[in-house]
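Dear colleague,

Please find below the structure that I am handing over to you. I would be grateful if you could look through it before reading my notes.

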Amino acid sequence: MNEIRVGILGLGTIGMGAARILIEQQELMSRRLGKTLRLVAAADRNLDRDFGLDLSEVRLTDDANEIVTADDIDLVIELIGGYEPARTFVARAIEHGKHVVTANKALIAKHGEALFPLAAEKGVAIGFEAAVAGGIPCLKALREGLAANAIESVYGILNGTCNFILTKMENEGADYADVLKEAQALGYAEADPTFDVEGIDTAHKLSILAAMAFGSKIRFDEVFTEGISKISAADIEAVHDLGYRIKLLGIAKPHKDDSGEERVEMRVHPTLVPLAAQIAQVSDSYNAVQVSGDFVEHTMYFGRGAGERPTASAVIADVVDIARVCSDGSADAVKYLAPPMGFVESARKELKTLPIADIRCEYYLRFMVQDQPGVIAAITSVLSDHRISLEALSQKERHATQAVAIVMLTHETTEGNLQAAISRITSLTHVEEDVLILRKESFGA
Ligand code: HSE
């Protein structure tokens with residue numbers, strides 16, 4: 001078999017990008033592979049439109065079942081997105097002995113642990129490079145390039161929409177809602193933009209990265225997740241004055257306690273990063289993943305994390321990898337591919353997630369208070385009771401509502417201790433309930 005026959009589910013933004021590469025770059029793919037990648041069929045609910053690409057050689061259908069069961073298709077690319085019906089079609093394709101490539105982070109984060117054994121049982125491959133950080137080949141780097149290392153930390157700017165919004169808010173003092181509309185128009189945002197701005201999309205991606213980094217199982221439901229929807233232009237400015245920038249980061253670290261129990265820290269939240277840190281320079285819709293390993297030290301991967309062409313680039317990279325080993329028809333060819341999560345299945349551990357109350361962090365706190373004598377003393381007295389020490393404190397000038405913003409940077413403490421102090425502070429007279437708590441990462445600064 002000197003060609004691998006491909007079917008695509010979903011001719012949306014990424015689907016059209018993948019089709020474009022398979023058609024327009026077919027010769028380049030053949031030169032790389034010594035075999036032909038052929039786009040045989042594609043399914044989409046809306047076929048009555050101008051695709052802007054010559055699909056005359058491609059069998060088009062509005063029934064995805066035709067693709068996942070077709071005898072003349074070796075590999076199915078799933079680009080429908082979301083949990084269902086994507087999961088059903090992917091499972092069906094695997095059951096019909098087809099390799100699968102997907103850009104669907106929600107699918108892998110939520111159902112990957114059920115799909116990997118199914119694929120192994122059927123002797124087919126499952127590729128999902130495009131699911132994390134779009135066009136950046138960070139999963140391949142982590143899975144293969146860094147295989148010699150025990151991974152010490154993963155930091156990611158993994159959502160282009162949020163990074164675009166935060167960058168515009170900082171550079172132009174722009175309003176959150178207006179910038180979100182612009183990001184949606186540019187085609188970065190998810191169908192449901194709350195997945196972007198509430199951090200869920202980042203949590204999907206982080207859960208995959210963490211499991212691949214530490215050889216653990218994907219535990220998306222246990223990722224602590226906060227989004228950017230409560231950040232105002234004033235907060236961005238106040239943080240900037242202190243020498244920091246706000247980035248929505250996914251953070252994963254391994255832990256081992258005194259008894260030897262291993263746990264995984266996973267959190268997604270707006271994070272203060274020093275202005276001089278490399279990750280702070282990643283602007284607009286760009287993504288970046290910083291991985292540190294015990295031998296390699298710090299590595300960083302940067303590029304486009306969303307959009308038609310970059311995401312399709314990652315999709316086809318997986319297709320090429322699979323075609324390279326699997327198009328000779330041999331039943332166990334997938335053994336020549338790295339395991340999907342970078343560890344042999346039996347060696348992947350059921351590690352527990354570190355409870356958020358146990359993480360240690362430095363914090364940025366913004367209280368709204370009535371400008372009365374003794375308010376700051378009352379707040380700092382509670383912090384002192386909880387042995388939380390301050391690195392910086394400032395008060396912004398009074399404004400029309402009479403409430404003023406008090407901004408503080410703390411030294412390191414546990415989240416549980418910090419939250420206990422905050423609940424005491426918000427019950428103080430003259431302190432409003434609305435408190436902004438941001439976590440800070442120093443990146444060696
Ligand atoms: N909505 C995602 C983003 C697309 O904004 O980065 C890529 O997963």
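The notes that follow describe several helices and one histidine in turn. Please keep in mind that this is a predicted model.

I begin with helix H5, which covers residues 105-122. Although H5 has 18 residues, its end C-alpha atoms are only 22 Å apart, whereas a straight helix would reach 26 Å at 1.5 Å a residue. H5 also has a kink of about 80°, and this kink is centred on His-111. At the start of the helix, a side-chain oxygen of Asn-104 comes to within 3.2 Å of the backbone nitrogen of Ala-106. After H5 comes Gly-123, with a positive phi near 70°.

Among the buried residues of H5 are Lys-105, Ala-106, Leu-107, Gly-112, Leu-115 and Phe-116. The cover over the buried residues of H5 includes helices H4 (86-95) and H10 (200-214), together with strands E4 (75-78), E5 (99-102) and E6 (126-127).

The packing of H4 and H5 can be stated in more detail. Their axes are 10 Å apart and meet at an angle of about 10°; the two helices are therefore roughly parallel to each other. On the H4 side, the contact is made by Ala-86, Arg-87, Val-90, Ala-91, Ile-94 and Glu-95. On the H5 side, Leu-107, His-111, Leu-115, Leu-118, Ala-119 and Lys-122 take part.

Next, His-99 lies in strand E5. Is His-99 buried or exposed? With a relative accessible area of 9%, His-99 counts as buried, because the cut-off is under 20%. The side chain of His-99 reaches the backbone nitrogen of Ala-125 at 3.0 Å. Leaving aside neighbours within four places in sequence, the contacts of His-99 include Asp-74, Leu-75, Val-76, Gly-123, Val-124, Ile-322, Cys-326 and Val-334.

Finally, helix H6 (residues 138-145) has Cys-138, Leu-139, Ala-141, Leu-142 and Arg-143 buried. These buried residues pack against H10 and against strands E7 (151-157), E11 (286-293) and E12 (297-304).

With kind regards

Methods:
Residues are numbered from 1 along each chain as its sequence is written. Side-chain values use heavy atoms; hydrogens and water are left out. Helices (H or I, at least four residues) and strands (E, at least two) are DSSP runs, numbered from the N terminus. The expected span of a helix is 1.5 Å times one less than its number of residues. The bend at a residue is the angle between axes fitted to the seven residues ending there and the seven starting there. Buried means under 20% relative accessible area, exposed over 50%, partly exposed in between (1.4 Å probe, protein chains only). Contact means heavy atoms within 4.5 Å. A polar contact is a pair of N or O atoms within 3.5 Å; within protein, one must be able to donate a hydrogen and the other to accept it, and residues adjacent in sequence count only if both atoms are side-chain atoms. Axes are lines fitted to C-alpha atoms, for helices over the stretch in contact, and angles run from 0 to 180 degrees between N-to-C directions. Angles under 35 degrees count as roughly parallel, over 145 as roughly antiparallel, 65 to 115 as roughly perpendicular and the rest as oblique.
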